[in-house]
Amino acid sequence: MNEDELRAEIARKKALIDELSGEIDEHRRTLGETPGVSPFAPEAFPSLPVVAGVRFAAVNAGVRYTTGRLDVMLAVLEPGSVMAGTFTRSKTRAAPVLWCEDRISGPVEPDLDQPMAIVVNAGNANAFTGSNGMQAVETVMHSTASALGTSVSNVFMASTGVIGEPLPSERIETKLLELRETLSLDRIDDAAKAIMTTDTYPKGASTTVELDGALVTVSGIAKGSGMIAPDMATMLVFVFTDAAIDRDLLQQTVSELTDQSFNAITVDSDTSTSDTLLVGATGKADMTSIDSSDDLRYPAFRDALLDVMRELAIQVVKDGEGASKFAAITVTGATDDGAARRIGLAIANSPLVKTALAGEDPNWGRIVMAVGKSGEAADRDKLSITFGDITVAEGGWVSPNYTEDAGAAYMKNAELEIGVDVGVGSGSATVWTCDLTHGYITINADYRS
C-alpha cells in the first residue's frame, strides 16, 4: 500500500468511526439512554416565542456527522433588519469569523433593503485551513445569497468543530435549496440542535418586554461546552428580536453587554478560534425605532437583551464538558470593576480551585492563592471569603466561627456561590465557571478519535 492509499484508508476508517459513534448515540437516545447529559440539562428545550421577521431551517448535510443528526442551520431575517455582533479576539481566528467581522465593523456594508441570513455548520470549525478556508466561506456565502435572492454582503457564516480540517463546503451547498424551502417561524429548536458539537443539550432563552405599549420579544440560542474562556468565550450565540433599533446603537449595546455575559464565563480558560455572537433586530414590533440611549424605552430593552445573553452564557457553563458543579464567583472591594473581573477569572480558571470544587473540598487556601496570582491589588490583611452565607475567612484570616464541616457540607451543593472581598476599593464583578472533572479529560482526549 503506497502513501496515498494509506492516507485514504485512514480517512475511510475515521469516517467509519464517526458514523458508528453517531449510530451508537442515536440507539442510546432511542432507548432513553441519552449519553453523558449534563446534570444541569433542562427536561426539554424551552418553548421560545416566535420573533416576527425571522425564520429558521436545519438539515443534516454530513459535514462531519453522517448519521442523520442536524448539522447545518439557516436563519433568514426579513428586509429592514439590522445585525450586530462580537467575536473572538484570538489571533488565529477562523475564516467565518473574519467574514462576519467585515460585515459588522469592516469595509462591507449590508444592504438593509434586502433579507439577511446566517448559515451555521457544526463538526468543522474551518479554522487554520489557509486560503482554502476563506474560499469555502465565499463559496457557501455566494450560493446562499443566490438561493435567497439577496446580496452576499447580507449573508453571515459561523462554523464550529474540529480545527485544521478543510470544510466540505459542497455538502452545505447541496442542502441550501432544502433549507430555503423548509424555513419556518417555529424551527428555532432545530436550529439550536444543529449547532451542537460536544454540547449535551441544545440551549435557548427568551424574554418579552413592553416598550411604551409595544410587546417586544427577544429569543436566542447558543452552543458551547468546551474551549470556553472570556474574550468572547468553541461558542456560538444567535439572538433575535423584533425590536426596532438603530444599527449603531444595537452594536454599542451588544458590545457592552458581552462583557457582562459571555466575557464573564469560563469552562477551561481556552479561547476559541470561532467564537461568534450575532444579534439581529427585525424591527417588526409595533413601535418607532430606538435611535438613542437617551430614549426612555432603551433601558428596558437593554435589560431584556442582557437577561437573554446572560441566561445563555450561564447555560454554556452549566454544560461545561464533564461539569458536575456550577459556581458563581463574586469579587468585591477591588480597585475597579475590571480588576474585580480579572481576580474573579483568576479564581475561576485555577485548576486547583476547579478540582477542589469537583472533589467537594472547601479548600479556601486555593482561593487565596488565586487572588494573589491575579496580579491585581489586594490587601492580604483585609481579605474575606464566603461560601454562600458562610463566612470562611475575614480580616485576612480564617473566621473564628467557621468550621470545616460547614464548608464541606456546602460544597456538596450542585450550584455554589463564592464571595471574595479584597479590601482595596469599590470595584465588583461576578464571573461564572464550573468544576474540572475526569469527564473533561475523557471528552477531550477522545474528541477526534
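Helix axes are lines fitted to C-alpha atoms over the stretch in contact, and the angle between two of them runs from 0 to 180 degrees between their N-to-C directions. The structure described here is a predicted model.

**A helix pair**

In these terms, the axes of helices α10 and α11 come within 9 Å and cross at roughly 155 degrees. Angles over 145 degrees count as roughly antiparallel, and α10 and α11 are therefore roughly antiparallel to each other. Their crossing is left-handed. The residues that meet across this contact are listed below by helix.

| Helix | Helix residues | Residues in the contact |
|---|---|---|
| α10 | residues 351-358 | Leu 352, Val 353, Thr 355, Ala 356 |
| α11 | residues 364-373 | Arg 366, Ile 367, Met 369, Ala 370 |

By residue class, the contact of α10 with α11 comprises six nonpolar residues, one polar and one charged.

**The sheet and its packing helix**

Seven strands make up an open sheet with mixed pairing, and their order is β9-β16-β11-β15-β12-β13-β14. The edge positions are taken by β9 (265-266) and β14 (397-398); each has a single partner strand, so one side of each is left without a neighbour in the sheet. Helix α8 (residues 298-318) packs on the sheet, where it touches β9, β11 (326-334), β15 and β16 (427-434). The direction of α8 makes about 45 degrees with that of β16.

Within the sheet, strands β12 (residues 384-387) and β15 (residues 415-421) run antiparallel and are joined by four bridges. Ile 385 has Val 420 in β15 as its bridge partner.

Terms used
Residues numbered from 1 in each chain as written. Predicted model: local features only at pLDDT ≥ 70, side-chain atom pairs only at ≥ 80, totals over all residues. Heavy atoms only, no water. Pairing = 2+ DSSP bridges. Helix = DSSP H or I, 4+ residues; strand = E, 2+ residues; numbered from the N terminus. Contact = heavy atoms within 4.5 Å. Parallel < 35°, antiparallel > 145°, perpendicular 65-115°, else oblique. Left-handed = near helix turned anticlockwise from the far one by under 90°. Nonpolar A, V, L, I, M, F, W, Y, C, P; charged D, E, K, R; others polar.
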